[in-house]
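Hello,

Here is the structure you asked to look through. My notes follow below it.

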Amino acid sequence: MMMDNATDSRITAHLLSTAHYVAACNALLLALSAKYGGVWFAVQLVLAAVLLYCHIRIHFDHRVFQDFADNRYSPEDFDHALQQNGLRQISGSRTLTQRINGALSLWRKCLYLTAAQFLILLIQSI
């Protein structure tokens, strides 16, 4: 069964919207790590900064895919706006599948970094 672009975009947006639960977990893990302090807390701070960037990007992607799903603009219009505002250099257009794969890759990296954050907290607590 083939899905259309709006359906693919909507499903992707819904999945990306779960990242705010992960962000809450990241904040909790950072707070618990502060209790132990030390060198590992410094590592946690670096991870927190990277995760903050990831969450900002995921939230942006979530909104973009929701806009694609609602037909507010097309991926081509989006690329054109990014180019006009100097946010993206001129390059070939990406397919919706490539865009989805990129967004989900970032989402998965966020989950892996959260797992690393949890492992560091376990190391700190020993």
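How many disulfides does the count come to? The model is a predicted one, and in it the count comes to 0 disulfides. The cut-off is a pair of cysteine sulfur atoms within 2.5 Å. Cys54 is in no disulfide, and its nearest cysteine sulfur, that of Cys110, is 5.5 Å away.

The limit for buried is under 20% relative accessible area.

His55 lies in helix H3. At 13% relative accessibility, His55 is also buried, because the value falls under 20%. Leaving aside neighbours within four places in sequence, His55 is in contact with Ala19, Val22, Ala23, Asn26 and Cys110.

Next, the nonpolar core. The largest one has 19 residues, and the members that touch the most others are Leu16, Ile58, Phe65 and Phe68. At least two residues of this core come from each of these helices: H1 (5–16), H2 (19–36), H3 (38–69), H4 (75–84) and H5 (96–125). H5 gives the most, with 7 residues.

Which residues is Ile58 in contact with, leaving aside its neighbours within four places in sequence? They are Leu16, Ala19, Leu106, Trp107 and Cys110. Cys110 and Ala19 are also on the contact list of His55.

Last, the pockets. The largest pocket holds about 250 Å³ of space. Its lining is made up of these residues:

- Arg57, Phe60, Asp61, Val64, Phe65 and Phe68
- Phe78 and Leu82
- Arg94, Arg99, Gly102 and Ala103

H3, H4 and H5 are the elements that give two or more residues to this lining. Of the elements, H3 gives the most, with 6 residues. By type, the lining divides into 7 nonpolar, 1 polar and 4 charged residues. Phe65 and Phe68 are in this lining, and both are among the core members that touch the most others.

Regards

Notes. Residues are numbered from 1 along each chain as its sequence is written. This is a predicted model: local features need pLDDT of at least 70, side-chain atom pairs count only at pLDDT 80 or more; totals for chains, interfaces and linings use all residues. Side-chain values use heavy atoms; hydrogens and water are left out. A nonpolar core is a set of buried Ala, Val, Leu, Ile, Met, Phe, Trp, Tyr and Cys residues joined through side-chain atoms within 4.5 Å. Buried means under 20% relative accessible area, exposed over 50%, partly exposed in between (1.4 Å probe, protein chains only). Helices (H or I, at least four residues) and strands (E, at least two) are DSSP runs, numbered from the N terminus. Contact means heavy atoms within 4.5 Å. On a 1 Å grid over the protein atoms alone, a cavity is a set of points where a 1.4 Å probe fits but cannot get out, and a pocket is an open set with protein on both sides within 12 Å along at least five of seven lines; lining residues have an atom within 4 Å of a point. Grid points are joined across faces, edges and corners, and a volume is the space filled by probe spheres set on the points. Ala, Val, Leu, Ile, Met, Phe, Trp, Tyr, Cys and Pro count as nonpolar, Asp, Glu, Lys and Arg as charged, and the others, Gly among them, as polar.
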